[in-house]
Amino acid sequence: MPSTTGAAAKTQVLPSFSRNVERTLDPCVVLMKDLVGQYADSWKDKGGIYSLAQGVVYWKPPEQATVAMKEALDDIDSSLHLYGPDEGLESLREELCKKVAKENGLDDHHVMVTVGANQAYVNCVLTLMHDTDKCVVFAPYYFNHVMALQMTLPESSMVVGPSTDNGTPDAVWLERALQNDPCIKVVTIVNPGNPTGTHLSRGLLQKIVDLCRQYNAWLVLDCTYEYFVPNSEFDGCFSDPHVLHIFSFSKAYALAGYRCGYLVIPKSAMGLYEQMMKVQDTIPIAPPRISQVAALASLSAGKEWVQSRVATLNTGRQAILEALRPLEKIIGGSGAMYVMGKLPLGENDKIMDDQEFASLLVKDFGVAVIPGSFCGFPGWIRVCYANLPPEQCLRAAERLADGLRTLIDGQ
């Protein structure tokens, strides 16, 4: 039978798309990159557009990672082209087990290597939740967590909780929510926070751990930014059987493009690891071997290697905080690599359109940020201070300050 071509193909009515995916947030980082590309030429002779949008670090991976990958690629007997174990290479998992035991106090846990921390969270959503279950996220939230929930579960499955004035999850609200809604089976916390840039206290986290135990809910702690705690130490892990931890090599070791993260699952949660292996085998089958070679070698550089680079972010962080000072409210700066600022109300006390504001910052001032509406915080902006070297971050902060001053005064 002849194929349909030409005019007939153009008039064909196609089947519908997934309603879940259609209602899922647009990928804001992609949108901002497109916006930057749209105005790149007009800023070419002015140093280019400075991006304070996507959460990445400015430094390169450890030299050990590059050397290890070159050696693996040059090895004639290399097995890089083969599928690896679903759960990750044994050599990497062994070192990660040592790391989480020593640094995070997580003994007797399984480690599952994933294709970045985002895949680790999808593993959790698919393994832990039924269609009738609900998951709590706190606004301002990490957009990719929300997107994972939106595209895999009914709209009613996501419960958005409030944060306190300083950007920390509201534990009082959570207790009431868990009391009143037995369908809540998962609570998600990012610590240090994305997008909030807040480092949560051990006491607050313990309260949330205890509440989840009391009301029979899983707690997923995304610890991607564990090393990004200026003037402090990260102490945000718990060995309770209902608590899962997510970690990443993307930020600390600058391996974002290699897509390597890992899940730490308590062995005392009987059967969880085995059930999650079904998800793991379906999505990546196994994480890429070359990425795990880079990750294993990066671990040899050590925590101190990361901390020495994180220390260089202080200059940019202070500059961004100063640039945001004219705003009514600022949260963040105590952890991760973010600060959020609240834009002033517009005419008739209307919340300012943060997406339009962010677009004008790119077009007229050569600096990109993330609109807060993608984080459940319309009328705010998220600013990352890690994606540029200190001297460039200072120039970006000047542009941001100029843009805020001009756009706010002119509204």
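Reader: Which helix do the buried residues of helix 4 pack against?

Author: This is a predicted model, and in it the buried residues of helix 4 pack against helix 11, which runs over residues 289-310. The residues in question are Ala-65, Ala-68, Met-69 and Ala-72.

Reader: Why do these buried residues lie on the same side of helix 4?

Author: The four residues Ala-65, Ala-68, Met-69 and Ala-72 are buried. They cover an arc of only 100° around the axis, which places them on the same side of helix 4. On the other side of helix 4, the exposed residues are Glu-63, Lys-70, Glu-71 and Asp-74. As for the helix itself, helix 4 takes in residues 63-74, 12 residues, and reaches 17 Å from its first C-alpha to its last, close to the 16 Å expected at 1.5 Å a residue.

Reader: At what angle do the axes of helix 6 and helix 10 cross?

Author: Helix 6, residues 116-128, and helix 10, residues 272-282, have axes that come within 9 Å and cross at roughly 115°, and helix 6 passes helix 10 in a right-handed crossing. The contact brings Gln-119, Asn-123, Cys-124, Leu-126, Thr-127 and Leu-128 of helix 6 against Leu-272, Gln-275, Met-276, Val-279 and Gln-280 of helix 10.

Reader: Turning to the strands, what is the order of the open sheet of 4 strands?

Author: Strands of a sheet pair through backbone hydrogen bonds, and the pairing is either parallel or antiparallel. Here the open sheet of 4 strands has the order 9-10-13-12, with antiparallel pairing. Its edge strands are strand 9 (329-332) and strand 12 (370-371), each of which pairs on one side only. Strand 9 pairs with strand 10, residues 338-342, in the antiparallel sense over 4 bridges, and the bridge partner of Lys-329 in strand 10 is Lys-342.

Reader: In which sense do strand 5 and strand 6 pair, parallel or antiparallel?

Author: Strand 5 and strand 6 pair in the parallel sense, over 5 bridges, with Val-187 standing opposite Leu-219 in strand 6. Strand 6 is largely enclosed by the rest of the structure, because 4 of its 5 residues are buried.

Reader: Where are the cis peptide bonds that join Asn-191 to Pro-192 and Asn-194 to Pro-195?

Author: The general point is that most peptide bonds are trans, and that most residues other than glycine have a negative phi. In this model, a cis peptide bond with omega of about -10° joins Asn-191 and Pro-192, and another, with omega of about 20°, joins Asn-194 and Pro-195. Pro-192 is placed in the loop between strand 5 (184-190) and helix 9 (202-214), and Pro-195 likewise lies in the loop between strand 5 and helix 9.

Reader: What is the phi of Asp-108, and what is that of Asn-216?

Author: Asp-108 has a positive phi of about 55° although it is not a glycine, and Asn-216 has a positive phi of about 60°, again without being a glycine. Asp-108 lies in the loop between helix 5 (90-104) and strand 2 (109-114), whereas Asn-216 is placed in the loop between helix 9 and strand 6 (218-222).

Reader: Why does Asp-108 count as exposed, and what is the relative accessible area of Asn-216?

Author: Exposed stands for a relative accessible area over 50%. Asp-108 therefore counts as exposed at 56% relative accessibility, and Asn-216 is exposed with a relative accessible area of 58%.

Reader: Finally, which residues does Pro-378 touch, leaving aside those up to four places away in sequence?

Author: With those sequence neighbours left out, Pro-378 touches Ile-351, Asp-354, Gly-372 and Ser-373. Pro-378 lies in the loop between strand 12 and strand 13 (380-384) and is partly exposed, with a relative accessible area of 44%. The C-alpha atoms of Pro-378 and Tyr-227, residues that are 151 apart along the chain, are separated by 29 Å.

Terms used:
Residues numbered from 1 in each chain as written. Predicted model: local features only at pLDDT ≥ 70, side-chain atom pairs only at ≥ 80, totals over all residues. Heavy atoms only, no water. Helix = DSSP H or I, 4+ residues; strand = E, 2+ residues; numbered from the N terminus. Expected span 1.5 Å × (residues − 1). Buried < 20%, exposed > 50% of the residue type's maximum accessible area, 1.4 Å probe, protein only. Arc of directions from axis to C-beta. Contact = heavy atoms within 4.5 Å. Pairing = 2+ DSSP bridges. Axes fitted to C-alpha atoms, helices over the stretch in contact; angles between N-to-C directions. Left-handed = near helix turned anticlockwise from the far one by under 90°.
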